[in-house]
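Hi,

Here is the structure I promised to pass on to you. Please have a look at it first, and then read my notes below.

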Amino acid sequence: MRVWIVSDGEIDKSAYIDEMFRMWGLALAETVGVEALQKPVPDDVAVVIADGNTADTHASALVAYARAGGCVVAFAPEGEFARQAGLDIQGQKENHCRLRLVRPAAGLRGQQLPIPGKVLTYACQDTPTVWGYVFELDRCNSESPAIIARPVGKGNLVVFSFDLPAGVSLLRQGDPALADRPTEGVPYPRPERFAVDVGGTEWGWTPCSDMLARLLVDVVRHYCESYGPMPMLWQLPDMAPAILLFSGDEDHRPVDLDFHEMHDVEAMGGTMTLYIVPHHTEMTPEIRREMEARGHTISVHPDITKYGDQPVQQQLQALRDEVELFIRTQGEGVRTIRNHALCWPGYMEMIRMWEEMGIRMSSNLASASLEPAESRDWRPYGQWGSALPSRFVGPDGDLINVWEQYVHMSDDGGFHPTSYYSAKLSSEQWEVLVERIFEDSTRFFHVPFCVVIHPCNYAEFSGPHARALMKAARRHNMPIWSIDRWCDFWEARDTYRLGEAEWNGTDLTFTVTGGTPCGGLSVILPPRHEGSTLGEVVINGRPASVFPARRFGKEAVHLPLAHEATTHHVVARYGSVTDGVTDGTV
């Protein structure tokens with residue numbers, strides 16, 4: 001069982017499609033060049049994914065593969081492939097489009113997802129299977145098929161009427177065409193200036209970019225079912241249903257406030273990352289080592305707000321100087337970073353600089369708007385609609401080797417009692433909202449929730465909110481981790497791939513191979529397949545424990561992997577109902 005992603009074109013989306021798959025743990029995909037389509041596709045390739053232009057150019061070969069029993073997925077084709085799928089093109093939709101699904105999808109319970117970017121209006125020549133429809137917001141009569149499955153021969157052609165990879169990247173990292181705009185209300189550049197306007201606010205309670213990527217995963221999994229049950233890597237450590245990522249920005253304040261907050265985080269079994277301004281801090285290497293011995297991490301919080309009127313290159317140099325000052329004074333490298341006031345000069349220039357400096361994760365995009373001037377409707381995933389980290393993508397489709405971990409609440413934007421940009425939430429109201437967020441996160445989304453709790457604010461007004469947050473995380477069995485610890489897990493997990501997946505009707509065999517040990521990594525398996533129930537599982541020749549759980553509102557089974565090993569040979573045996581899983585639950 002394999003999935004091919006075809007690499008082709010001036011703007012090659014294959015790497016970003018694979019990034020979306022890696023994010024959700026679909027680790028059976030491999031990228032191939034278009035030359036692979038010039039000969040018969042191997043029988044174990046269940047799905048081939050292609051950009052619309054590629055699908056049109058190579059329609060003959062792709063349709064022949066589908067007729068032989070495979071499935072081809074294409075995004076917004078406009079030529080021969082669309083014609084072979086029985087689609088007529090009637091134009092392109094305007095902005096503010098919504099996707100309305102009519103088939104179940106993981107994590108979604110009727111929510112409509114915003115679709116930025118290219119959206120075509122298709123008319124079907126007959127009545128194919130339709131997974132969903134797309135329409136322009138406030139124009140219901142504009143609705144047309146959005147995901148169309150057309151049987152051909154023994155296989156299927158699946159067409160998205162929109163460019164899903166481009167739409168996901170627009171949601172996650174904004175539009176480069178908007179990067180030259182000034183930031184309203186502040187004298188320095190912030191990232192909200194290039195966030196995409198998708199209209200409305202209702203989508204802000206769903207990590208919609210993550211769910212769009214997951215929708216593609218679900219489509220691929222559906223058409224892989226005849227090849228056997230599909231194993232996937234779980235995206236969270238220790239089989240957790242969700243995770244709370246805890247951080248604070250020191251912001252020129254006394255170090256004793258840092259210890260006060262860290263003590264309370266420790267009391268809840270958690271750790272945090274503290275970001276410090278290197279030219280204005282009481283932090284010393286000795287204090288840092290004391291905090292790290294307690295499980296916390298210290299990283300850099302560059303403050304370049306005074307350079308806001310300077311050219312981008314000068315602002316970037318000021319950022320570099322701040323990082324290098326931190327390294328010199330603290331004797332510590334930098335793996336994660338957040339800029340003071342979320343400053344963001346340029347577009348991807350800063351991220352490319354972080355990549356060159358070896359920084360692995362940025363946490364500089366705040367999903368919950370800190371400046372809700374256009375709406376007083378506070379939403380945890382507003383503005384970027386994202387929760388899981390993924391790499392940034394350049395304009396030509398090249399991946400930048402830096403992940404973005406989105407921030408979902410900052411205490412100054414959520415809890416400050418008088419600030420004009422604060423939602424001014426009481427701790428009692430925050431408890432109500434957190435319960436809703438964590439209920440969704442642990443039952444349906446299974447993503448991180450990341451917060452910034454400034455030590456000075458913690459002492460002054462946000463302590464009750466933060467303690468309520470941590471107590472709720474404990475109730476929902478969510479670990480409380482620092483961003484640096486999360487980065488370590490995510491980087492190690494990213495090295496793992498699934499391979500050699502074969503199904504003989506009763507036994508699913510596959511390998512899990514990684515480049516570095518990854519503590520807390522698990523595989524997730526379907527508990528049933530074609531009437532058979534998962535029973536015995538063997539890893540490297542030894543019986544393994546499995547743990548039933550409910551994920552995305554459905555039954556699933558976790559298979560934890562040994563922390564110290566990087567290669568796992570797995571045999572999962574499916575049999576009668578009475579042979580099913582009996583180990584403990586998570």
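This is a predicted model: local features need pLDDT of at least 70, side-chain atom pairs count only at pLDDT 80 or more; totals for chains, interfaces and linings use all residues.

Residues are numbered from 1 along each chain as its sequence is written, and side-chain values use heavy atoms, with hydrogens and water left out.

Let me start with the cysteines. Taking a disulfide as a pair of cysteine sulfur atoms within 2.5 Å, the count is 0. Cys-97 is in no disulfide, and the nearest cysteine sulfur, in Cys-140, is 12 Å away. That is too far for a bond. I sort accessibility by relative accessible area: buried is under 20%, exposed is over 50%, and partly exposed is in between (1.4 Å probe, protein chains only). Cys-97 is buried at 1%, whereas Cys-140 is exposed at 63%.

Next, the sheet. Helices (H or I, at least four residues) and strands (E, at least two) are DSSP runs numbered from the N terminus, and two strands pair if DSSP finds at least two bridges between them. An open, antiparallel sheet has 4 strands in the order β12-β25-β30-β29. Its edges are β12 (232–233) and β29 (547–551), and each has a single partner strand, so one side of each lacks a neighbour in the sheet. Further in, β25 (residues 522–525) and β30 (residues 554–560) are joined by 4 bridges; Val-523 has Leu-559 in β30 as its bridge partner.

Finally, the salt bridges, meaning a side-chain nitrogen of Lys or Arg within 4 Å of a carboxyl oxygen of Asp or Glu. The structure holds 35 of them. Arg-2 pairs with Glu-30, with 3.3 Å between the closest N and O atoms. This pair links strand β1 to strand β2, 28 residues apart. Arg-2 is partly exposed at 23%, and Glu-30 is partly exposed at 29%.

Within helix α1 (residues 14–24), Asp-18 and Arg-22 sit 4 residues apart, about one turn of the helix, and their closest N and O atoms are 3.0 Å apart. Asp-18 is buried at 10%, while Arg-22 is partly exposed at 25%.

Arg-467 reaches Asp-264 at 3.5 Å, linking helix α13 to helix α7 across 203 residues. Shared partners also join Asp-18, Glu-19, Arg-22, Arg-391, Asp-494 and Arg-497 into one salt-bridge network.

Best wishes
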